[in-house]
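Please find below a short note on the structure shown here.

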Amino acid sequence: MHGVILSHLKQWVGERFGAETWDLLLTRAGLEGRLYAPIKLYPDEDLDALVKTASDMTGLSSDEILVDFGAWVIPPLINMYRAIIPSHWGTVDFLLNVEDHIHEKVVKMKNPDARPPKVRVAEIEDDLLQLDYTSHRNMCALAIGCAQGVAGYYGDRLDVEEQRTLPSGSQRVILRVQRGVGQAAAGAA
Ligand code: HEM
């Protein structure tokens with residue numbers, strides 16, 4: 001897992017539960033003293049252990065943690081990669097392009113060994129999106145959180161209408177875009 005995600009997880013933990021919680025979380029997860037540089041790759045097991053331990057410590061489920069973290073992490077990621085995100089994009093354009101434009105180009109070009117998930121998004125009706133998530137990491141909740149973070153960034157809201165596992169093992173999520181009901185992040189178009 002890319003260090004940019006793990007280093008942001010540290011910030012999220014600090015913001016939600018207090019700065020001192022991170023060291024405790026690392027220790028309880030068996031990762032005492034671990035440092036995450038935003039340009040390196042780390043074992044997937046680290047994120048698994050951190051999410052599971054955070055769940056034990058907070059009483060939140062792993063999925064609740066992943067959804068909340070996903071929504072939280074998107075504005076800082078958009079700000080980091082602002083140069084390659086067209087300014088005319090909104091929620092739907094962003095999500096339709098997340099696979100080819102963001103994960104494949106940005107992430108893999110810079111870190112050829114990164115293994116981002118496959119997040120294929122199609123607009124099946126106006127403002128109704130179908131998101132197919134495939135990854136060896138099985139973190140569909142993170143994908144849902146990230147998608148909701150994109151909507152929040154652009155001042156919209158995204159509600160999950162349906163979620164199921166396809167015969168291929170991928171997760172299919174149907175998401176409804178509610179335009180203009182969120183509060184846009186500063187700087188969003
Ligand atoms: C500016 C926007 C984004 C950037 C820069 C970004 C970048 C990244 C990076 C660097 C990783 C780690 C990949 C690896 O270590 O192999 C990652 C993972 C992930 N991203 Fe994104 N991402 C963005 C938006 C999104 C969006 C909108 C979604 C969902 C709709 C999404 C879903 C995920 C998921 C679920 C993972 C976890 C890894 C997995 O499930 O295999 N990301 N992303």
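1. Helices are DSSP runs of H or I, at least four residues long, numbered from the N terminus. A residue is buried if 20 or more other C-beta atoms lie within 10 Å of its own, exposed if 12 or fewer, and partly exposed in between, with C-beta atoms placed from the backbone. The buried residues in α4 include Ile-65, Phe-69, Gly-70 and Ile-78.

2. This is a predicted model, in which local features need pLDDT of at least 70 and side-chain atom pairs count only at pLDDT 80 or more, while totals for chains, interfaces and linings use all residues. Residues are numbered from 1 along each chain as its sequence is written.

3. Helix α4 has 19 residues (62–80), which should span 27 Å at 1.5 Å a residue; the end C-alpha atoms are 26 Å apart, in agreement. The expected span is 1.5 Å times one less than the number of residues.

4. The ligand is surrounded by 26 residues, the closest being His-2, Pro-117, Ser-135, Arg-137 and Cys-146.

5. Asp-48 lies in helix α3 and is partly exposed, because 16 other C-beta atoms lie within 10 Å. The C-alpha atoms of Asp-48 and Ser-62 are separated by 9.2 Å, and the two residues are 14 residues apart along the chain.

Conventions
Helices (H or I, at least four residues) and strands (E, at least two) are DSSP runs, numbered from the N terminus. A residue is near a molecule or strand if its C-beta atom, placed from the backbone, lies within 6 Å of it.
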